[in-house]
Amino acid sequence: MLPLPVSFTTRRDHLRRHSGGSRHYRSTRDVLLTRARVTNLGFLLLAGFAVLSFLVNLVWYLSSPSDAYHAHDGPYAPPRAIWDTIQRERALAEVDHLIMVPGHAIWKGTSLEERFDEDQWVLEPYQRGGGRVAAFFKHILAAAELARQDERSLLVFSGGQTRPSSTTTEAESYMRLASISDLLPTLTPFPPPSSSASPPVLRATTENYALDSYQNLLFSVARFHEYTGRYPARITVVGYGMKRRRFTELHRAALRWPQARFEYVGIDADGDAEAQGGASAQQGELQNGYLPYTQDTYGCHGVLLDKRRARNPALRFHPYYSSAPELGALLNWCPGRAEGGQTTVFPGPLPWDHLK
């Protein structure tokens, strides 16, 4: 027999006769405070629901992303769908040194013998002669050697699809040339692979969206985070010697990167001194590179912005707002009059603020 409802008692408890013949019901408070009887069946149903809820939460917890992905939780959390496709080699967690090579042209050759053939490079007219393509290869060679010496480094070739006549990027062409030359550094997996046939993990990658030297540096830091899951603690740039001041004095400072943790390796061409290493080249760098950035630190106005647009014929844009969300505000920083002028340094927090 089913128990009586909690609100039901004897007629004597529920209603009383008054002199006027009216019925008086118990208050709601009295009804709610009345002790109820629970059947064994009801108890089992409640217990079963509690156990089922516990199991569902346990399965959800065990199937959630690993600790490496929980590191992206919080105010900067990107869409989980991005990280569900990423499975990094554990040894990459120890990599903390970014070695970056900024691209200057696109190599379209297929054999090592073609590396110095100007016809196998997509070049601007001013880049022909003077041993410039040989300098490009020297940049690759020197950076690869630095990466080989430091097992905690990641080699990043940076440069976008800047030429309308090419379907690849500067960075991809540099890495392909490095691969053909057997220069790419590899990573020792942890734990070691069970089979000797397992492919090696490269300590080299490409950054395929930069359109100028400032973006070479900033985007490579973002790509380092994309590849390793962390931000670098040191940066080495390998490029033209005549661009040293642009990188060390302007771009590094724009990122507020510590000077003690930044190194620049400058290698100029050995050819025509007047065309490459002499006064003409130095004057060109000063007028077309260094000075414009002293007036427009982040390259997002006037002539520097026009250069970016001209170097983006494929209409591409980077993914770093999602994959390096901590840099979102810096990536979007374009100071103007309201911020104090075009040279105002980004004032917000950055992931490397703790570095000295």
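How are α8 and α9 oriented to each other: roughly parallel or oblique? In this predicted model, helix α8 (residues 213-228) and helix α9 (residues 244-254) pack at an angle of about 55°, and their axes lie 10 Å apart. Helices here are DSSP runs of H or I with at least four residues, numbered from the N terminus. Axes are lines fitted to C-alpha atoms over the stretch in contact, with angles running from 0 to 180 degrees between N-to-C directions. α8 and α9 are therefore oblique to each other; angles under 35 degrees count as roughly parallel, over 145 as roughly antiparallel, 65 to 115 as roughly perpendicular and the rest as oblique.

On the α8 side, Ser213, Tyr214 and Leu217 meet Arg246, Phe247, His251, Arg252 and Ala254 of α9, contact being heavy atoms within 4.5 Å. By class, this contact of α8 with α9 has four nonpolar, two polar and two charged residues. Ala, Val, Leu, Ile, Met, Phe, Trp, Tyr, Cys and Pro count as nonpolar, Asp, Glu, Lys and Arg as charged, and the others, Gly among them, as polar.

Both helices also contribute to the largest pocket: α6 (132-149), α8, α9, α11 (279-295) and α12 (302-310) each supply at least two residues of its lining. A pocket is an open set of points on a 1 Å grid over the protein atoms alone, with protein on both sides within 12 Å along at least five of seven lines; a cavity is a set where a 1.4 Å probe fits but cannot get out, and lining residues have an atom within 4 Å of a point. The volume of the largest pocket is about 780 Å³, counted as the space filled by probe spheres set on the points, which are joined across faces, edges and corners. Of its 32 lining residues, His104, Tyr126, Lys243, Arg246 and Arg311 are the closest to the centre. The largest share of this lining, seven residues, comes from α11.

The second largest pocket holds about 420 Å³ of space. Among its 21 lining residues, Gln215, Phe219, Arg308, His318 and Leu331 lie nearest the centre. Here α8 gives the most, with four residues. By class, this lining has 14 nonpolar, four polar and three charged residues.

Residues are numbered from 1 along each chain as its sequence is written. Local features need pLDDT of at least 70 and side-chain atom pairs count only at pLDDT 80 or more, while totals for chains, interfaces and linings use all residues, and side-chain values use heavy atoms, with hydrogens and water left out.
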